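Good morning, colleagues. Please look at the sequence and the structure, and I shall then take you through them.

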Amino acid sequence: TVGAGDSFLAAFLVELLRGAAPDAALEAACRLGAFVAGRPGATPEHEVATIASLSPCAWGVDECVLEL
């Protein structure tokens, strides 16, 4: 679970700064923390699209602006 808490906090703050509602930011943070906790190491291999799909911006939240 190394890195899961850091990833959770980073995702939560990023989503809030993007304009997501707190509950959507929390859900995104939980998803990213679980993603990191479910893989070996603190910085697991991933595709950018996989991480982007964890964001509420990918769920069609109008207030979000997702830039990759």
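Predicted model: local features only at pLDDT ≥ 70, side-chain atom pairs only at ≥ 80, totals over all residues.

Apart from its neighbours within four places in sequence, Pro22 is in contact with Phe12 and Leu16, where contact means heavy atoms within 4.5 Å. The C-alpha atoms of Pro22 and Phe12 are 8.2 Å apart in space, and the two residues are 10 apart in sequence. Pro22 is found in helix 2, and Pro22 is exposed, with a relative accessible area of 57%. On this scale, buried means under 20% relative accessible area, exposed means over 50%, and partly exposed lies in between, with a 1.4 Å probe and protein chains only.

Residues are numbered from 1 along each chain as its sequence is written, and side-chain values use heavy atoms, with hydrogens and water left out.

Leu16 lies in helix 1 and counts as partly exposed, at 32% relative accessibility. Together with Leu9 and Leu13, Leu16 forms a nonpolar patch on the surface, with about 250 Å² of accessible area in total. Such patches are made of residues with over 30% relative accessible area and no salt bridge; like charges are joined within 9 Å, and nonpolar side chains (Val, Leu, Ile, Met, Phe, Trp, Tyr) within 5 Å. Accessible areas come from the Shrake-Rupley method with a 1.4 Å probe, and for residues only the protein chains shown count as cover.

The secondary structure comes to three helices and zero strands, and the order from the N terminus is α-α-α. Helices here are DSSP runs of H or I with at least four residues, strands are runs of E with at least two, and both are numbered from the N terminus. Of the 68 residues, 31% count as buried. The accessible surface comes to about 4300 Å², and 61% of that belongs to carbon and sulfur atoms. Among contacts between residues at least 6 apart in sequence, 48% join residues at least 24 apart.

Helix 2 spans residues 22–37, which is 16 residues. From first C-alpha to last, helix 2 reaches 22 Å, close to the 22 Å expected at 1.5 Å a residue; the expected span is 1.5 Å times one less than the number of residues. Several residues of helix 2 are buried, among them Ala24, Ala25, Ala28 and Gly33. Gly33 has a relative accessible area of 9%. Its C-alpha lies 8.0 Å from that of Asp6, although Gly33 and Asp6 are 27 residues apart in sequence.

Which residues make up the largest nonpolar core? There are seven in all: Ala4, Ala11, Ala29, Leu32, Phe35, Val36 and Leu54. Helix 1 and helix 2 are the elements that give two or more residues to this core, and helix 2 gives the most, with four. By definition, a nonpolar core is a set of buried Ala, Val, Leu, Ile, Met, Phe, Trp, Tyr and Cys residues joined through side-chain atoms within 4.5 Å. In soluble globular proteins, nonpolar side chains tend to be buried together.

I close with the charged pairs. The structure holds two salt bridges, each being a side-chain nitrogen of Lys or Arg within 4 Å of a carboxyl oxygen of Asp or Glu. In one, Glu15 pairs with Arg18, and the closest N and O atoms are 3.3 Å apart. These two residues are separated by about one helical turn, because they are three residues apart in helix 1. Glu15 is buried, at 5% relative accessible area, whereas Arg18 is partly exposed, at 25%.

In the other, Arg31 pairs with Glu27, with the closest N and O atoms 2.8 Å apart. Both residues lie in helix 2, four residues apart, or about one turn of the helix. Arg31 is partly exposed, at 36% relative accessible area, and Glu27 is partly exposed as well, at 37%.
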